[in-house]
Amino acid sequence: MNSPFDVVVLAAGKGTRMRSARPKVLHALCGLPLLAYPLRAAQALGPNRILVVVSHGKEEVQEAFASWPVVFVDQGEPLGTGHAVRQARAYVTAPRFLVLPGDVPLVPPAALAALVEHHLRAQALASFLTVELEEPGAYGRVVRDESGRPQRIVEVGDASPAELALREVNSGVWCLENAPLVWEALAQISPNNAKGEYYLTDLVALLHPRVAALRWPHPEDLLGINDRVDLAKAESILRTRILTSWMREGVSVPDPATVYPGPDVRVGPDTLLLPGTFLYGDTEIGPNCVIGPQAYLVDAKVAEGVRIWFSVVEGAWIAEGAQIGPYAHLRAGARIGARARIGNFVEVKASQIGEGAKALHLAYIGDAEVGPRANIGAGAITCNFQPGRAEKFRTEIGAGAFIGSNACLIAPIRIGEGAVVGAGSVITEDVPPYALALARSPQVVKPERARRLEER
Ligand code: UD1
Ligand code: CA
């Protein structure tokens, strides 16, 4: 948009109807806190600055959004949406500003742009988005005058039966002029209503007829989240939208009701997402993969042709053709090489696993460099941690090395290329390339020392 504007996001309310100790705007929607959504919609329009009005749980909210380019405004005691906007006065510098509720997450940038355009064309002092609902529920009802201009908004607690029957409702999204008339009207709002709050909606009556309303044709876009039922509804809408767009791009999702995508995830064509798949954060999945059943991925980078099932992947990279699971846990900094296989009850953390290497059963690989085609036996462990020491020690395993079952590699340690570590060994010294290392007590066999079966 060519004329500069600020954005004020309202995130100070108690969120009483959530019945939660956590601030409402921090509740997750498709893996991201609610507040992230209006902030992103605002960012997409390139505003002059974004102000976030906070109060209830403000420390938590500020901490969660500390890295965002926004300015926090403390509302003090949250006395209503009108009071919240008033607190932002000293921070608004552009000629006009948008007001976005922190609890209306699905608002698209296009709706905001349309509102600003409508506002400018109408030369209004205040404008807001409305939607028409079959069941207008708890939303403020829009009363229009004979000429069709918005005359006032009535909140549900204050509405007459005739007003309650109105189906056009306030979305809570506003565009306001940064003009003395508007601030004066805001100052005139009184808490003279059923809830005893300063209602921003009173602006309409106060500024009539210089108020415009734009009816947005997609009510789902402006769903407000007041309780956990609304939150589940929003989750279902957003999930369906994301999965639909993926399917249109060539991703198979045989049962969309059982796949949980985050808004920033990318998935390549011909990848199959099976039930119980969760894809969150900055996850990227290449083409031709099979993910699920039961896979939980956060911030994962997955190349082409990878299979992941019944596994958890957090902050890990997986190269082409690798196979993960069932029951593997890849943690931060795990880098799995091409065609490597990580299987049953294997945990990998901050380790590079070489091309074609295998760890298929019950192993822990932490802070290690595992060479290509190495084989980590069942129950093998890199002992990377020593009590009382903060640092983690590294293990190096050369190409093609074979680590026998139940071996403990006490780091820091190096196992050379092609070396073999015998099962059950506790390895405390480096093993040179192509050596066989055995570090266990030799077997003792005493003939005829067990009692005969008939004597037992
Ligand atoms: C509000 C509107 C209603 C509209 C609905 C749309 C008012 C009076 N009512 O009702 O007409 O249909 O949104 O979703 O505006 N907040 C603050 N400080 C406060 C109070 C609220 O920052 O003192 C924030 C809340 O955190 C929330 C937003 O403002 O993000 C809306 O407040 P909420 O109490 O949810 O308003 P509704 O009852 O939904
Ligand atoms: Ca609300």
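Trainee: How much space lies in the second largest pocket?
Mentor: This is a predicted model, and the pocket is lined by residues including Tyr37, Arg40, Leu238 and Asp264. The space in the second largest pocket is about 200 Å³.

Trainee: Which helix supplies the largest share of the lining of the second largest pocket?
Mentor: Helix H1 (36–44) and helix H8 (228–248) each give at least two residues to this lining. The lining divides into 8 nonpolar, no polar and 3 charged residues. The largest share, 3 residues, comes from H1.

Trainee: Is leucine 436 buried or exposed?
Mentor: Leucine 436 belongs to strand S40 (residues 436–437). Together with Phe402, Val420 and Leu438, Leu436 makes a nonpolar surface patch of about 370 Å². Its relative accessible area is 59%, and a residue counts as exposed over 50%, so leucine 436 is exposed.

Trainee: How many residues apart in sequence are the parts tied together by lysine 58 and aspartate 74?
Mentor: The side chains of lysine 58 and aspartate 74 meet in a salt bridge of 2.9 Å, N to O. Lysine 58 lies in helix H2 (residues 58–64) and aspartate 74 in strand S5 (residues 71–74), so the parts tied together are 16 residues apart.

Trainee: Is lysine 349 buried or exposed?
Mentor: Lysine 349 forms a salt bridge with aspartate 367, with the closest N and O atoms 2.9 Å apart. Aspartate 367 has a relative accessible area of 9% and is buried. For lysine 349 the value is 12%, and buried means under 20%, so lysine 349 is buried.

How values were computed: Residues numbered from 1 in each chain as written. Chains lettered and ligands numbered in written order. Predicted model: local features only at pLDDT ≥ 70, side-chain atom pairs only at ≥ 80, totals over all residues. Heavy atoms only, no water. 1 Å grid on protein atoms, 1.4 Å probe; cavity = no way out; pocket = protein on both sides within 12 Å on 5 of 7 lines; lining within 4 Å. Points joined across faces, edges and corners; volume = space filled by probe spheres on them. Helix = DSSP H or I, 4+ residues; strand = E, 2+ residues; numbered from the N terminus. Nonpolar A, V, L, I, M, F, W, Y, C, P; charged D, E, K, R; others polar. Patch = residues over 30% accessible without salt bridge, like charges linked within 9 Å, V, L, I, M, F, W, Y side chains within 5 Å. Areas by Shrake-Rupley, 256 points an atom, 1.4 Å probe, with all protein chains shown as cover. Salt bridge = Lys/Arg side-chain N within 4 Å of Asp/Glu carboxyl O. Buried < 20%, exposed > 50% of the residue type's maximum accessible area, 1.4 Å probe, protein only.
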